[in-house]
Amino acid sequence: MLSIKSIQRKMQKSLELRGVRGTITFLGRLPWLWLDNRLKPSRIKILATDCDFDAKYQVDTGGIIPISELTVRVDSWIHGHAYQGSPGSDLSVHFDAIGIDYPNTVFVDLGSGKGKALMLAASRPFKKIIGVEFSAEFHGIALKNIDQFVSTNVNSSEVQCRCDDALQFEYPQGPLLLYLYNPFDQVVMNTVVERLTRSYRADPRSMIVFYMTALYEDLWDHLDFLECVTRSPEFNVYITPEHRGRLDSTGYDLRLISGATNSR
Ligand SMILES: C[S@@+](CC[C@H](N)C(=O)[O-])C[C@H]1O[C@@H](n2cnc3c(N)ncnc32)[C@H](O)[C@@H]1O
């Protein structure tokens, strides 16, 4: 059930992003958008996969929850996309295919929600796994989920959940895998790109950007220090020359990444 507060926040967000005319048009289309979204086979499939994952690990990662229904206090909430856990349960298969130097690589999920991607990553021996989520509600659920997951999966990597704005995140030194599952719009994404660029220029190193549902791929495509090695409707993968060097020296074949349709 929608509260008055969440309706106010939805209106505030729409007015800021679409303006008055855009909001009126949007409200007129709302019943059709709602119906279309409810009946999408992909949505029904995702909800079923959520249930399977949650039942298997006794955690709670399900649902599609708009930010306007939460109590996020940072200004960037307006640019945040709705919560939805990462699809599927086989992300780590894709990670294996990118030739990650696991013991030296830190995995960072900006907009980590209830922690599903963190749990999927935890099955691989990353040096460390960090999730950044600005909703206190999701952060609390992620902490519980990770506790539960780690208690039943003894070989899990160390996972750290931070309740913070992704805009404040300082990238750690050393090899990095930055994971993004459609967390925010181009305004915040632009700043994330700028900050990652600065971090790379200060310390050129092996970096992988794993961008799921890459709505704002243009912001990443033009960067001179990143090569797009996979482009598909599901995800894009970008690597720095240092990671390319590692792949070339180990004879790694990136065509192993499933889901890839083309790259350049
Ligand atoms: C599509 S969900 C992805 C959840 C998680 N990464 C996963 O794969 O299961 C996007 C998440 O990003 C969070 N988010 C959006 N903007 C953010 C920001 N500026 N800082 C931190 N979290 C943010 C939302 O609250 C939401 O939980």
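This is a predicted model: local features need pLDDT of at least 70, side-chain atom pairs count only at pLDDT 80 or more; totals for chains, interfaces and linings use all residues.
Strand β4, covering residues 128-133, and strand β5, covering residues 159-163, run parallel and are joined by five bridges. In general, the strands of a sheet pair through backbone hydrogen bonds, and they do so either parallel or antiparallel.

Together with helix α5, which spans residues 136-152, β4 and β5 make up a β-α-β unit that is right-handed.

## The open sheet

Seven strands form an open sheet with mixed pairing, and their order is β5-β4-β3-β6-β7-β9-β8. Strands β5 and β8 (227-231) stand at the edges, where each has a single partner strand, and therefore one side of each is left without a neighbour in the sheet. From one strand to the next, the twist averages 15°. Helix α5 packs on this sheet, where it touches β4 and β5, and its direction makes about 170° with that of β5.

Strand β9, residues 235-239, includes Phe 235, a residue that counts as buried because it has 24 C-beta neighbours inside 10 Å, against a cut-off of 20 or more. Between Phe 235 and Val 106 there are 129 residues of separation in sequence, and their C-alpha atoms are 20 Å apart in space.

## The nonpolar core

The largest nonpolar core comprises 50 residues, and those with the most contacts inside it are Leu 118, Leu 178 and Tyr 179. Strand β6, which covers residues 176-181, gives the most to this core, contributing six residues. As a general matter, nonpolar side chains in soluble globular proteins tend to be buried together.

What is Leu 178 in contact with, leaving aside its neighbours within four places in sequence? The contacts of Leu 178, with those neighbours set aside, are Val 108, Leu 110, Leu 196, Met 207 and Val 209.

## Two loop residues with positive phi

Gln 58 is placed in the loop between α2 (41-57) and β1 (64-65), and its phi is near 60°, a positive value in a residue other than glycine. Gln 58 is exposed, because 11 other C-beta atoms lie within 10 Å and the cut-off for an exposed residue is 12 or fewer.

Thr 213, although it is not a glycine, likewise has a positive phi, of about 50°, and its place is in the loop between β7 (207-212) and α7 (217-221). Thr 213 is partly exposed, with 18 other C-beta atoms within 10 Å.

## The chain as a whole

The protein chain has eight helices and nine strands, and its C-alpha atoms fill a box of roughly 55 × 40 × 35 Å along the principal axes. For 264 residues, a compact globule would have a radius of gyration near 18 Å, and the 19 Å of the protein chain agrees with this.

Of the 264 residues of the protein chain, 34% count as buried. Among the contacts between residues at least 6 apart in sequence, 70% join residues that are at least 24 apart.

Key:
Residues are numbered from 1 along each chain as its sequence is written. Helices (H or I, at least four residues) and strands (E, at least two) are DSSP runs, numbered from the N terminus. A nonpolar core is a set of buried Ala, Val, Leu, Ile, Met, Phe, Trp, Tyr and Cys residues joined through C-beta atoms within 7 Å. Two residues are in contact if their C-beta atoms, placed from the backbone, lie within 7 Å. Two strands pair if DSSP finds at least two bridges between them. A crossover is right-handed if, with the strands pointing away from the viewer, the path from the first strand over the helix to the second runs clockwise. Axes are lines fitted to C-alpha atoms, for helices over the stretch in contact, and angles run from 0 to 180 degrees between N-to-C directions. The radius of gyration is taken over C-alpha atoms; the globule rule is 2.2 Å times the number of residues to the power 0.38.
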